Structures are given as structure tokens and as C-alpha cells.
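Hi everyone, thanks for coming. Let me put the structure up and walk you through a few spots.

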Amino acid sequence: MTATSLQFCAVAGDASDPLVRRQYPEDAHAYRTAFQRDHGRIVHARAFRRLAGKTQVFTHRDSDHFRSRLTHTIEVAQIARTAASALGLNEDLTETLALVHDIGHPPFGHAGEKALNLALNQALQQTGTLAGTQPGQHFDHNLHALRIVEHFEQRYVAFRGLNLTLAVREGIIKHSRDYRVAEHPELAAYFLDQRPPLEAQLIDLADEIAYLTADVDDGSESEILHLDAVCANVPLFAGFFQKLATKHPHAPEKLLLHESLKRMLDALVGDLIATTRAQVQAAGVQSLADVRACPQRLVAFSPEMETQRRQAKRYLYQNLYESPELLRDHDLGTEMIQGLFAHWMQHPKLLPASYAAQVESEGAPRVIVDYIAGMTDAFCMEQWNAIRGNGMQGNAMQKNGNAKQQ
Ligand code: MG
């Protein structure tokens, strides 16, 4: 252990670590650790590949350079691994959690998630089966990610799912929020009354760093954001940009933008590492058990950086995420998801055979939500167009559904 490393509270990940437990016991690999194997299982999963076709922020692309949910995920993994390495945490676990963190996202980003949740709730309400916070009655991308890795991915003869370690399953659920055991008794095995390990805590803020910087970049590329306005409203960015512009008065604006974002990213990561280290020391944390017992998460930005982060996020909400251009995309995505959901509620037999077979045991609303959630943006649009083109018969879906999804 070095003076700057937090190795003493890292997840060990060796054979004696209870967090490497899998639901179905497997023999140890000759030269790959348990988390390296989970990393491989995620990268080779079909749901992971579909992230390439899912909205991060932009659905309609007039540039090939906007982030998809896959390239965003790779950026989060790079940032999270850097921070884990600097802090002496378990790098393999951290990177694995970053790679899987958005695997449960439906098409059309957060608009898609909202539309699915609303459709599910309304359908259950109509059938009189909506019961508060019962599991399976809401659409939540973290819980959906767990369903993907436990049920929907089928790669093994002996069991469904990817049979991931307990540490990865816990991180999938808890990296960005806490769940109460009273509301989610089905998640009781995941230490809901305790904080997640630092490796999982890192993911939420690595995610924030990745999208705050990337969205200024993509927002400028789309010409929805303008650099003079970004400078006037995002001091964290403006400080770097103005310094660089003074030093290089003839440099192209695009290069000044990239260099400023690089410095902004570095400042956020540096602050996160230093603050987390200081918080662990101040709390007297000596082990993973201490991390778990802490009343709050220890991975954090300093109060000054937190203020700057909030300013940047508020600006992006008001000027990019809720801009008329992106709201139009959200409305379109919402309309397609609502339309497809209503169509299959009326004609559940038109679902692909593997989904139709689950309707009796799971109920049509849940099965339809699971099917739509797995879709890429393009596949969802294709289904919507097929339904409209076929007078709501959806023949194309029957032909392609099983082949293309899950
Ligand atoms: Mg993310």
C-alpha cells in the first residue's frame, strides 16, 4: 500500500473473495481472473453490441461523430479505469462495471426509458395490477440491465444469462442509485442497506465526466451549442478556453475546443481522485467493510468542483437536452415506443415467438417492454414503419424479430 493508494479498501477479486461468487459455480480459469472473465462476457454479449445503435444524446445523425451509447460507454471505461488505477482500486472490476453500466438502456435514450415506464404503468393500471413499487412494474434501466445479464443473454448450455460475479451484479444495480430493500425484496442479496464498493461508486461520476465533456463537444458539432454562450455559462470550460485562445490567437476554434475539453476532463478526474482519497482518509476507512458501512458514498468531487459540475449540467439541460431540436427527437422516439407498445398489447400473438411464449407467465405489458427495451433505434423505427405500412399487421416484425433482437 502506498500513501496515495486506497488498495486497502479495494475489492480483492481473488479466489477467496466472496464477491467473485457466481450463481452457477464454475471452475477457475487457468490465467484469467474472475473479473477479467466478466469483462469478456460483457464485451461479447449481444446487448453490448446493440449499444452501437442506441441513442446517447443524438438520434438523428447529420454527423458520423456523435457519441452512440457504445462509444460513450468506452469513454466511461477509459475514465473509470484511470481513476481506479490512480486510487489503487480493482481496475478489472471498475472497467467491467463501466462497460456494463448502460447495457439496460432502451432505444432513444432517457425519452425511451420514460416512455416505456409510462406505457407499462398505464397498462398495469388498466388491468388493475399496478401495485405500488412491486418489482417488474416499472422500467428502470439499471434493473433492466440485471435482467439482461441474468436472463436475456443466452450463451451457455447449462444456464440462462452470463453468470456474472456477485460484485458485477451488485455494481450494475447500485452504481448510480440506492434501492430500498422494502421496495425491492428481490434484490436482498445485493447488500441494499450498505454502500457499494468504491469501484462501483466511481462509475456514476466517471459517467458524469464522460457525458459533460462529450456533450459540449457533440453539442457544438451539432451547432445547437455555440462556444461564446458555453464560455459565458460554463466557467469550468471558459477558464481553459480563454487561456488557450489568448495563448494561441490564430488557432482554429475546433482545436481550442478539443484542448479545452481535454483539460476540463482532466480537471474533473483529478479532483475526483484527490477528493475521494481525502474523504476515505477523513472517514478513517480501513477496509471494504468500512466503505460499505459509511453513511454516504465516498467517491465525490470537492464542493468547488461540484458547484462547477452542476453549472455545466444545468447549462446542458437548458440548452442542449431540452433544446427544440432534441425535444423533437424525444417526441418522435416516444411516439414510436407508445405506438409499438399499444400495437402488441392489442396483438400479442404478433410478437416474435420467443416473446409471445412468455406472455402467459409474465403478462403482455412486461414482455412487450422487455422486447422494445432491447431494440436499437433503427430496429425500433423499422418496426414502427412496418406496422404503419402494413395497416397495423406488423408482418416484418414476425419475420425479423427473433433474428435481430436478443
Ligand atoms: Mg452512461
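Let's start with His101, which is buried, at a relative accessible area of 1%; buried means under 20% relative accessible area, exposed over 50% and partly exposed in between, with a 1.4 Å probe and protein chains only. Bear in mind that this is a predicted model, where local features need pLDDT of at least 70 and side-chain atom pairs count only at pLDDT 80 or more, while totals for chains, interfaces and linings use all residues. Residues are numbered from 1 along each chain as its sequence is written, and side-chain values use heavy atoms, with hydrogens and water left out.

So what holds the magnesium ion? Its protein donors are His72 (NE2), His101 (NE2), Asp102 (OD) and Asp207 (OD), 2.2 to 2.4 Å away. Donors here are N, O and S atoms within 2.8 Å of the metal (3.2 Å for Na, K and Ca), and water is not among the atoms, so sites may look incomplete. His72 sits in helix H3 (residues 69–87) and His101 in the loop between helix H4 (91–100) and helix H5 (109–126), so the pair ties together parts 29 residues apart in sequence. Helices are DSSP runs of H or I with at least four residues, numbered from the N terminus. His72 is buried too, at 2%.

Now H5: its buried residues include Gly109, Leu116 and Leu124. They pack against H3, helix H6 (141–152), helix H14 (324–346) and helix H17 (364–373).

How values were computed
Helices (H or I, at least four residues) and strands (E, at least two) are DSSP runs, numbered from the N terminus. Contact means heavy atoms within 4.5 Å.
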